[in-house]
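Here are some notes to read with the model open. Please follow each point on the structure itself.

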Amino acid sequence: MELAQTNTGNTPKSYSLNMFQDFVPMCVFSESNQGKLSCEGKVEHKFDMEPHSDNLVNYGKLCRERTQKYMVKSRQVQVLDNDHGMSMRPMPGMVGLIPSGSKEKKKQTPAKPSDVKRTRRDRTEMENIIFKLFERQPNWALKALVQETDQPEQFLKEILNDLCVYNKRGPNQGTHELKPEYKKSTGDTDAA
């Protein structure tokens, strides 16, 4: 097989074709603009195309040129003088970047409440306070209740296990709400 026109330098102009019939049968499919598939034809012969022996020297040059072309690194390293890292710092308003100072502040805030030990109140007094909180709002997270009552978390959990139901799923996930029998009793006291 001869190529009619080659202006690309070392590209071989003549090729030898080897035909094979023992291969996995294939079909050619096309897809229309509406997404409809149709079979265009069946592949019955396989052709391997390789440069003719007269062109092997030129083909070898082509392969070496191609390899050398892709061995050249297109990226360059540029040394910045007197920049002091200014171009590496995030600019104000950049989304997704958190300044390093904010992480340190977040780590310090939980340490403050644990420094001050909370003293337990009387259990019945705490139950009354919790009922009043649940009159104000039907669902409470544990952390919010700890802040409101200023009681130790473990003590509050014990009381909440007796009085409340923990929501594991749904829109109020991760919150406590009063058990149904306590909801009715608070409604009765309001009516009285």
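1. Start with a term. Two strands pair if DSSP finds at least two bridges between them. Keep in mind that this is a predicted model. Strand β2 covers residues 26-31 and strand β3 covers residues 37-43. They are joined by six bridges, in the antiparallel sense.

2. Five residues lie between the strands β2 and β3. G35 has a positive phi there, near 90 degrees.

3. Next, the cysteines. How many disulfides does a search of the whole structure find? It finds zero. A disulfide is a covalent bond between the sulfur atoms of two cysteines.

4. C39 is partly exposed, because its relative accessible area is 48%. C164 is buried, because its relative accessible area is 6%. The cut-off for buried is under 20%, and exposed means over 50%.

5. Turn to the surface. M1, L3, L17, M19, F47 and M49 form a nonpolar patch there. Together they have about 570 Å² of accessible area. The elements that give two or more residues to this patch are β1 (15-20) and β4 (46-51). L17 is in strand β1. L17 counts as partly exposed, because its relative accessibility is 40%.

6. Is L160 buried or exposed? L160 counts as buried, because its relative accessibility is 1%. This leucine is in helix α5, which covers residues 153-163. Leave aside its neighbours within four places in sequence, and L160 is in contact with I130, F134, L142, L145 and H176. Also compare L160 with K179: they are 19 residues apart in sequence, and their C-alpha atoms are 9.8 Å apart in space.

7. Last, check D150. Where does D150 lie? D150 is in the loop between α4 (142-149) and α5. Its phi is positive, near 55 degrees, and D150 is a residue other than glycine. D150 counts as partly exposed, because its relative accessibility is 47%.

Note on methods:
Residues numbered from 1 in each chain as written. Predicted model: local features only at pLDDT ≥ 70, side-chain atom pairs only at ≥ 80, totals over all residues. Heavy atoms only, no water. Helix = DSSP H or I, 4+ residues; strand = E, 2+ residues; numbered from the N terminus. Patch = residues over 30% accessible without salt bridge, like charges linked within 9 Å, V, L, I, M, F, W, Y side chains within 5 Å. Areas by Shrake-Rupley, 256 points an atom, 1.4 Å probe, with all protein chains shown as cover. Salt bridge = Lys/Arg side-chain N within 4 Å of Asp/Glu carboxyl O. Buried < 20%, exposed > 50% of the residue type's maximum accessible area, 1.4 Å probe, protein only. Contact = heavy atoms within 4.5 Å. Disulfide = S-S within 2.5 Å.
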